[in-house]
Amino acid sequence: MATSEPERPDSGEESPLPGSNGTMLETESTTASNKGTPARTRESSVTVPAKVKRDEFIMDTNNSSIVSKRSVEKLYYGNEPEYFRYFVSKFKRRSPLINRGYWLRMKAIDHTVTRFLAEQSPKRKVVINLGCGYDPLPFLYLGKHPELCANTTFVDVDYPILMQNKLGIIDKTEPLRVLLPKLTKTNSEAGLLASSDPYVAIGCDLYDIDKLSRVLQDHLRIEDSSVAILFIGEVSLAYMEKQATQAVLEWAAGLSDVRFCLLEQHLPDGADHPFAQTMLSHFEKLRTPLNAIGTMSDMKQRFADAGWPSAGTDIRSLWELWSDPTFLTPEQRRALDKVEPFDEWEEFALFASHYFLLLAERKADQDWSYRPYRASLAGSTSRLSLVSAHGSGGDSPVPNVPQEQPLLAPELPGSFIPRRFAAVVPATSEISEGEAVGLLGGLGSQERLTDCDTYSRTEDLLPISGPPMRSGIMGHQVTRLGGTSNCIMTGGRGSPDKASAECWLRQDEPRPAHTVLLFGGKTGEGHVLDEWLLWMGEGGWRTIHVAGDAPPARFGAAMITDARESVSGVLIGGMTSAGRVLTDFWHWSLEADMSLHCRNVTARASAVLRHNATILGRFGAQLVRTNRGILMIGGVCGGRMLTSQDEILNMKTLRTHPVEGKRPLFVGAAITDVDGGLIVLGGGATCFSFGTYWNKPSILTDSPEASLKCGWHLLTTQKPDAEMGMAMGMGTAQAAIPDRTVQQPNGHAEPMLRLPDPVHIPRRSLAQGIEFEHFVEEGRPVIFSEGDIGPCTAMWSNSYLKESIGYERKVVVHSSPASKMDFQTKNFDYVTKDFGAFLDACAGGEQLYLRALSKDAPSDQPTNLADDYPEIAADFELPGELIHVVENLHSSPLRISGPVSMWLHYDVMANVLCQVRGTKRLLLYPPSDVSYLGFTPGASSSSLDVFDPDGPTRQSLVHTHPYEANLAPGEILFIPPMWVHTAAPTEGMSVAVNIFFRSLQNNSYAAGRDVYGNRDLAPYERGRRDVARIVKSFEDLPADVAGFYLERLGQELLDQAKNITSSSQLHTMYAELS
């Protein structure tokens, strides 16, 4: 059986090496043997064509699994020998969620195998991987841990055709072959395909247990008492019929000294849980149903029925193992975040809660009914228990907590916009209380969102609009200020490593004195915080002192006041920096001196919940004020999954509200109390590699008919609206806050406007593999590091360049008396110099700049490094990951400059700037900022000095959204088209190669000559001609009438531009707080 489950069919992954699809199969294994138990071979009566097709689908599951494990190997085991690489034709980086899920699976198997191999025993050991696929487990140990492999044989078992393909790869790969001395291929129809001292390859259908048993006994004598055996089944038996799986377990239990490690899916909360639905549906669509799936208790009972002693069987979910410090230390968990940023904790918990690791052990000479031994197996003295702490006996227990009235969650009629991790926004003062709510931002089906849904009970309402955020955001909070409609938005993230510093206040009615308290969180750099911040209005945010015990650092906690106007409240749960869910419960109160007093009341709450206290500590839960009291809804707890019976906890009574019938997935949902019940908006999850589940809007209630009669529905989806914001009297933006002064000519000191801080352009390592086309489509700048651009970074000294290119070669350079060149005013001269003299002058500090031109036709053709500087072209190489650039090449100019900065400009062509020598600082602005950057009509350059702006320039720049890059030798900056930018050397003379390429549709570019890659697009050139014709058509009218209509037409164009470029709608409806 091929191992593991497939990824989504549309993942676009590369397949493993050719031949893994099983396009032709041996059908010998479909014929039943007359020997052995009939139950073992009953499946053999299936007709050959049906079984062949089923086996092909199962073997296909090997493809995606091995690609995912290769992704983990390259990213998370970078300093170790790599063996998955030989079974995958091309590296494909998986998402962080899939990487972490497969890392945990691999860790669980590695943990079990390592413990078995480390046993001190004189017996010969055999590790048998059932349904191995292309998994290189034998090589991981033979190559990386040979000290554990003495007197051990590794056995791979899978379909004959798949095993033959695997052996073909081994035979062609020296690093694999060298680990298998004297490997002999047999091509035996009996099933033994190859063997060596440490390795045996068997081609056999697991439905034919008799055949497999014969091969293992004939070749390895596994029935002898001198042999200790470990069977591994990693998501392979799950595809078999339950009766056939049981035959495998019974056969294995009949051996004298045997262990069985099984890693599979299970159903911790039934098949109707949204994650389980998505998972089961996925496998059904792929025609590989999980025939043997059940609960962990079911699986433990099946092992007992097969003859495995219950006391020798330990089974735990992967989420329980993740949460156990004896399985993974805090340092090991933190180390994962250093590989790649991660924020999909709820989805990771769902995945890990639906997989289990079972370890069963049976020894013929052991009395398993003897209680002291039974205790030791589950305790720290057992060498083969899953962890050193207690073992689990089966499913995570459903809390035996007294329950409140059950709730139902009927879905609201009508359409909805998929989004999760959004925030509820209260209606404005113009809307009657309880008539509407907004749902702002969140993660949509394609990207993080900035718009706001309005859900309403009526039709005739103004839509609710959110603040004009710089970019889409998720995980943010919107806090209502007392009983008013005023609210404040804080926190959130644009990506796992990009925490938002934006804070917006909506004030549409007179604001009484209110304070906002904020605790903990996680920074973009991954630091988990323990500070308390207080906002009291005009004074801004400030850190406050904590008296008494202080809660430790955390993120994802839940916090609420005791009552709506209270200055005290509770803090519950959250997660540590090591990825462990906290179970503590704190009460806090804000004192008159603005200090905070905190008390740990965990013991009191735990005493009420007793053995089920784990349901109290949660990550990502919501505390919702209702007429039933404060309810804690959703989230994930440590060690086990919350179920429909305990996901909603009444904090007043500490009793649960079970949810009956179809229920929403509370992950990423936004919940608030409305007339009719609790409205549940948004929510859902990426269910590992199985697909995405989206909630439909629903209402939690104990009276579904009455609640649905309230008529809640999606009214509209509204993007930020500048005119509406101004009409509603919103405050001013952060950028207008004075923080410096400038001396005016009249001697008076006037405020100097505070400019927005540049966003540091993110870096991506080429060593970890990238999809460059993805960054091109995304249209945002990015710096690529740890790539190889050839020996130029070491070789291109001045002496080398002069010797290679020629000292006397003539070049045309810019010579400027100022440190900043300005193309509009032409404050520089074009000077012809000897190339060698130019380099010497740059090294001496002269303000010179070379932008290479075509040697043969400088006015007609774009330059190309290979054609115009062939003497040094071979020293420069573009990394293979950027092949898209070469395939769409326009030009590749060489750039060399002394201490002089470039003018502000944009390029119509996308380009990558490869820094070879020196360091360089660049400022970039998105296309939506163009109207603030001083570009005259038809010009692609501006005279603004953004490095040292004067007063008028600051007035313009205050509205912009700058990005900053600091390039070192060997780094590559991707600059999307139309991103306005300028550059200045920061240390030494700068040498770079700039490669321009086409990233838009070819018919978008203007026909004809474009030497520099900055000729405006054809639609813009046509548009300017159309503007001239429109103006001319008004010539016969009076000037005031013509101006009246032209201004109206101009406004129409601006309105259309705002609709297309939503990011330009900033600082309108909400005041941004510092």
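Me: Is cysteine 452 buried or exposed?
Reply: Buried means under 20% relative accessible area, exposed over 50%, and partly exposed in between (1.4 Å probe, protein chains only). Cysteine 452 has a relative accessible area of 0% and is buried. Cysteine 503, at 6%, is buried as well. This is a predicted model, in which local features need pLDDT of at least 70 and side-chain atom pairs count only at pLDDT 80 or more, while totals for chains, interfaces and linings use all residues. Residues are numbered from 1 along each chain as its sequence is written, and side-chain values use heavy atoms, with hydrogens and water left out.

Me: How many disulfides are there?
Reply: A disulfide is a pair of cysteine sulfur atoms within 2.5 Å. The count here is zero. For cysteine 452, the closest cysteine sulfur belongs to cysteine 487 and lies 9.5 Å away, so it is too far for a bond.

Me: How many helices and strands does the protein chain have?
Reply: Both are DSSP runs numbered from the N terminus: helices are H or I with at least four residues, strands are E with at least two. The protein chain has 27 helices and 53 strands. Of its 1074 residues, 56% are buried.

Me: At what angle do α20 and α21 pack?
Reply: Axes are lines fitted to C-alpha atoms, for helices over the stretch in contact, and angles run from 0 to 180 degrees between N-to-C directions. Helix α20 (residues 798-805) meets helix α21 (residues 835-843) at about 170 degrees, and their axes are 9 Å apart.

Me: Which residues make the contact between them?
Reply: Contact means heavy atoms within 4.5 Å. From α20 come Asn798, Leu801, Lys802 and Ile805, and from α21 Phe835, Gly836, Leu839, Asp840 and Ala843.

Me: Where is tryptophan 588?
Reply: Tryptophan 588 sits in strand β24 (residues 585-590) and is buried, with a relative accessible area of 5%. Its C-alpha atom is 9.5 Å from that of valine 546, which is 42 residues away along the chain.

Me: What is the phi of arginine 287, and what is that of glutamate 786?
Reply: Arginine 287 is not a glycine, yet its phi is positive, about 60 degrees. Arginine 287 lies in the loop between α9 (274-285) and α10 (296-305) and is exposed at 54% relative accessible area. Glutamate 786, also not a glycine, has a positive phi of about 55 degrees. Its place is the loop between β41 (782-785) and α19 (792-795), and glutamate 786 is exposed at 56%.
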